[in-house]
Amino acid sequence: MSFSPVRASKEIALEYSRYLSSIFSLNDPVYQQQFSARLKEMPFSSGPYLEVTEAFESGKTVREMMNAGNLPANYDRLGFHLNRPLYKHQVDALSQISSGRNAVVSTGTGSGKTESFLFPITKHLVEEANAGTLGCGVRAMLIYPMNALANDQVERLRELLANFPEITFGCYTGQTAEQYDAALVNYKQLNNGNLPLKNELISREQMKAYPPNILITNYAMLEYLMVRPDDSVFFSEAYADKWKYIVLDEAHVYRGSTGIEVAMLLRRLNTRLQRKNIQYILTSATLGGEDDNDAVAAFAENLCNSRFTADDVIRARRVKLTPPPVSKEPPAYFYKEIAAMIEGDKDSSDILAKIHDFDPSLPDEEMEALYQVIYRDPFYWRLRKVLQAPKTLRELVREMGIEENELTAFVTVAPRAVHD
C-alpha cells in the first residue's frame with residue numbers, strides 16, 4: 001500500500017472545502033436564520049440620511065435677460081426654460097465669463113453648475129452664428145474626468161441644441177468609433193433606434209473633417225489628440241484662433257500626480273494653440289468654503305497657468321427662511337394620505353382637493369399649497385432644529401418621538417412643496 005502526502009493533502013483540502021460549503025451555504029436554513037439575525041443587529045448601511053438645505057437665491061429669467069440685452073434676441077431657440085428664474089450664481093457666472101474673466105464655480109450638488117458655463121458658452125456661439133462667423137472649429141472644450149459624465153453632457157446638449165443646428169457638438173473619447181457607419185450602429189443601440197441630430201458629430205472621422213464648436217472629452221484622450229498626427233486637426237493653424245473656452249468639470253479631482261499631469265497638459269495645449277485669451281472655467285462642489293477663495297484661486301491658477309483671483313470664485317447664495325408669524329398644524333393623517341396619493345400617481349387636482357379639505361383658503365396650485373402647509377407646520381420647524389447636521393431616519397424617529405411612517409410620509413410629500 002502506497003501513501004502520497006501530496007494526494008492526501010489535496011483530498012483533505014477538498015473535503016474541508018465541502019465541509020465549509022455545507023456549513024456556510026446560503027441554502028442551509030440554520031445559517032440563513034443566523035445570517036438574518038446578525039444583519040438585524042449590524043446592518044450593512046445605517047441610512048437613509050436626511051438633511052435640510054436652504055434654497056438657492058434666484059435671479060432673472062432667460063426671457064428677462066433677453067429683454068434686457070444680456071442674451072441675444074434669438075436665444076429662445078435653445079432648449080433652456082425661458083420663464084424659470086435662474087439661480088443668482090448662474091447669473092453671476094454668465095456676467096463674469098461674458099466679460100472675459102476666468103471663473104471657478106464652486107457650488108453645491110444640484111445647483112446648476114453645468115448651466116453656469118453653458119449659458120456664457122452658448123451665448124458666444126449664438127452671437128457668432130448671428131454675425132455669420134460660426135463655422136467649423138472648437139470654441140469650447142469640456143473636459144470630464146469620466147466618460148459617464150461626458151455622455152451625460154452629450155444628452156444635455158441634444159436637448160439644448162435640437163433647434164439650433166448651426167452649433168455643432170461631439171464627444172471624442174475612447175468609446176467614440178472611428179468610422180461613421182460603426183458609430184451610427186452604436187448610436188442607434190444606445191438611443192432606441194433614433195438618429196443623431198444634424199449638428200451632433202458621432203464619429204472620429206466626422207469630427208476630424210469638421211471640428212465641432214463644442215468638443216467633449218477627457219484629459220487622457222486630450223493627451224492622445226495632441227500627440228497623434230491624424231488627430232491634431234483640432235489644434236491646427238486653420239482652427240487655433242477659434243478656441244475660446246476650456247471647461248474642467250469636477251476640478252477637485254485634479255490634485256496630486258493627476259493634477260500635475262493635467263497642468264502640464266494644459267500648458268502644452270496653450271503653447272500649441274498660441275492663444276493668450278483662452279478662458280478657463282472650473283466647476284466643483286467640494287473646493288473649500290467661503291473663507292478659502294484665495295486658496296481656490298491659487299489652485300486654479302496653478303492648474304491652468306492663467307490668472308485667477310479670489311473674486312473669480314463664484315459661490316452659491318442661500319435663502320434664509322424664518323418661521324411664519326402664524327402656525328397651523330395639519331391633522332396627524334394629512335401627510336400619510338397625501339403621500340399615499342402621490343405614490344398612487346393620483347392627479348394633481350385630486351391631491352389639491354385633499355389639501356383644500358384641510359384648508360380651503362390655500363392657493364389653487366398643488367405645489368404652492370403644499371409649500372404653505374409645510375411652511376406653517378410647527379413639525380417642519382422642529383425637524384429643521386433637530387437636523388442641524390445630517391441624521392439617519394432611525395436617529396430622527398428616536399429624537400423626535402414619532403413613528404417611522406410619519407417621517408417617511410412627510411419626506412414623500414416635502415419635495416412636492418415648491419414656492420413661486
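The chain holds 17 helices and 12 strands. Helices (H or I, at least four residues) and strands (E, at least two) are DSSP runs, numbered from the N terminus. This is a predicted model: local features need pLDDT of at least 70, side-chain atom pairs count only at pLDDT 80 or more, and totals for chains, interfaces and linings use all residues. Residues are numbered from 1 along each chain as its sequence is written, and side-chain values use heavy atoms, leaving out hydrogens and water.

**Overall shape**
- The radius of gyration of the chain is 28 Å, whereas a compact globule of 420 residues would have one near 22 Å. The radius is taken over C-alpha atoms, and the globule rule is 2.2 Å times the number of residues to the power 0.38.
- The C-alpha trace spans about 95 × 75 × 50 Å along its principal axes.

**Burial and contacts**
- Of the 420 residues, 44% count as buried (under 20% relative accessible area; exposed is over 50%, partly exposed in between; 1.4 Å probe, protein chains only).
- Take the contacts (heavy atoms within 4.5 Å) between residues at least 6 apart in sequence: 72% join residues at least 24 apart.

**Two loop residues with positive phi**
- Glu250 is not a glycine, yet has a positive phi of about 55°. Glu250 lies in the loop between β9 (245-248) and α10 (256-273). Glu250 counts as partly exposed because its relative accessibility is 24%.
- Asn305, also not a glycine, has a positive phi of about 55°. Asn305 sits in the loop between α11 (293-304) and β11 (313-315). Asn305 counts as exposed because its relative accessibility is 54%.
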